Amino acid sequence: LLLNRVMSHGTGITASEELRETLAAVRQSDEIRVVKIQIMQEQLQAVKTFATQSTFETDFGILRHLADRDKAAYFLVRLDSGNEYGSEWMMVSYVPTGATSREKMLYSSTKAALKTEFGGTQLKAGSDYLAEGGSDLTLDAYLDSKSRGDAPPPLSEREIELNEVKRREHEHMLGLDAKVKTSANIGFPPTEEAVAAIRDFNSGALNFAQFVINGQLEQVELLLSRPSVDLAEVDGLIPRDRATYNIVRLAGVTGEQFESDHPVLFFHAITSLGGVKEKMLFSSCKSAFLQHAERDLHLVIHRKVEIDIESDPVTPDLMMQEVTKRVQEERKVYAKPAGPAGRKARSGNK
């Protein structure tokens with residue numbers, strides 16, 4: 001039940017058993033002031049704890065020393081106030097400007113999961129604090145932010161979460177706009193080699209191209225390409241341990257059941273073996289990649305699908321079914337509706 005609840009927040013990142021034990025202990029004690037938490041190996045893990053030394057105001061400054069310059073983290077900080085359930089806590093999301101786009105996206109999306117894991121009864125409403133650098137991890141910066149935030153009506157926990165997600169998405173968009181313009185998704189730019197492959201595909205010089213995301217370099221790279229490929233060979237070109245974007249031209253496929261002769265199929269090959277982060281990256285970047293390929297590089301794609309390669313081999317029959325499906329669906333939509341029940345067909349003779 002807990003895993004399903006955490007998974008519902010979108011990233012699939014879960015708390016380690018050690019973190020769960022730590023959170024259960026600190027909720028019942030006044031001895032710990034700060035718990036530092038980071039995402040490592042696709043889990044939320046307790047990295048450090050800091051014992052209570054003095055008051056909240058005095059101890060707050062330790063956050064600056066616990067933070068890494070360009071590495072995101074969460075800090076659960078115990079307040080000196082309490083409620084019927086025990087001490088109240090606040091959450092500090094430390095997402096420095098120097099963090100990678102992937103890390104910013106991951107920490108923004110996983111925050112709700114950590115709140116669920118900690119439990120909402122002891123998190124003080126409206127106390128969330130976002131820090132983007134070491135200068136934000138001072139008591140003066142926190143109090144200044146709090147005073148500026150006191151003017152509007154208090155926000156609900158849900159509103160706070162939505163506002164932060166929107167802010168993160170906006171920042172991602174600004175940072176990536178010069179590379180790949182996209183209306184609602186994160187986008188990594190394709191390398192020159194990848195762009196050249198798309199252009200060659202569009203000109204007919206290639207009939208198959210495969211792309212992967214390099215999360216470290218934040219770019220889409222060409223993995224392999226083929227000037228010609230038999231449809232029976234495609235499945236053998238798809239890695240089973242990682243996700244890929246693939247474009248294939250069904251050369252020689254013609255007929256009225258197809259939207260176009262030699263239709264082009266784009267398929268996002270998905271697998272659980274690549275890990276949660278990879279799955280999230282490929283899903284988030286796909287729209288931007290396709291928009292760049294179609295709008296800027298003028299690639300014509302007749303059908304876009306996702307294929308779970310752990311359960312569905314990429315067979316010629318599967319690809320043929322996909323490129324005919326769209327036409328069949330459109331024909332159903334535009335088919336002439338049947339006349340009223342009981343009405344006889346009109347004769348062509350007067």
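The structure is a predicted model, in which local features need pLDDT of at least 70 and side-chain atom pairs count only at pLDDT 80 or more, while totals for chains, interfaces and linings use all residues. Residues are numbered from 1 along each chain as its sequence is written, and side-chain values use heavy atoms, with hydrogens and water left out.

The chain holds 10 helices and 11 strands; helices (H or I, at least four residues) and strands (E, at least two) are DSSP runs, numbered from the N terminus. Of its 350 residues, 47% count as buried, where buried means under 20% relative accessible area, exposed over 50% and partly exposed in between (1.4 Å probe, protein chains only). Among the contacts in the chain with a separation of 6 or more, 66% come from residues 24 or more positions apart; contact means heavy atoms within 4.5 Å.

Two strands pair if DSSP finds at least two bridges between them. Axes here are lines fitted to C-alpha atoms, for helices over the stretch in contact, and angles run from 0 to 180 degrees between N-to-C directions.

Within this sheet, strand E9 (residues 244–249) and strand E10 (residues 264–270) run antiparallel and are joined by 6 bridges. Ile247 has Phe266 as its bridge partner in E10. E10 also pairs with E11, in the parallel sense, over 6 bridges, and Ile270 has Asp308 as its bridge partner in E11. E10 is mostly covered, with 7 of its 7 residues buried: Val264, Phe266, His268 and Ile270 lie on one side, and Leu265, Phe267 and Ala269 on the other.

A further open sheet is formed by 6 strands in the order E1-E3-E2-E4-E5-E6, again with mixed pairing. Strand E1 (14–15) and strand E6 (129–131) are its edge strands, each pairing on one side only. E1 and strand E3 (residues 43–51) pair in the parallel sense over 2 bridges, and Ala15 has Leu44 as its bridge partner in E3. H5 packs on this sheet, touching E1, strand E2 (32–40), E3, strand E4 (73–83) and strand E5 (86–94).

H5 (residues 101–118) also meets helix H2 (residues 17–26): their axes come within 10 Å and cross at roughly 55°. The contact is made by Leu19, Arg20, Leu23 and Val26 of H2 and by Leu114, Glu117 and Phe118 of H5.

Finally, the largest nonpolar core has 52 residues, and Ile37, Leu44, Leu76 and Phe211 have the most contacts inside it. Such a core is a set of buried Ala, Val, Leu, Ile, Met, Phe, Trp, Tyr and Cys residues joined through side-chain atoms within 4.5 Å. Helix H9 (residues 276–296) gives the most to this core, with 7 residues.
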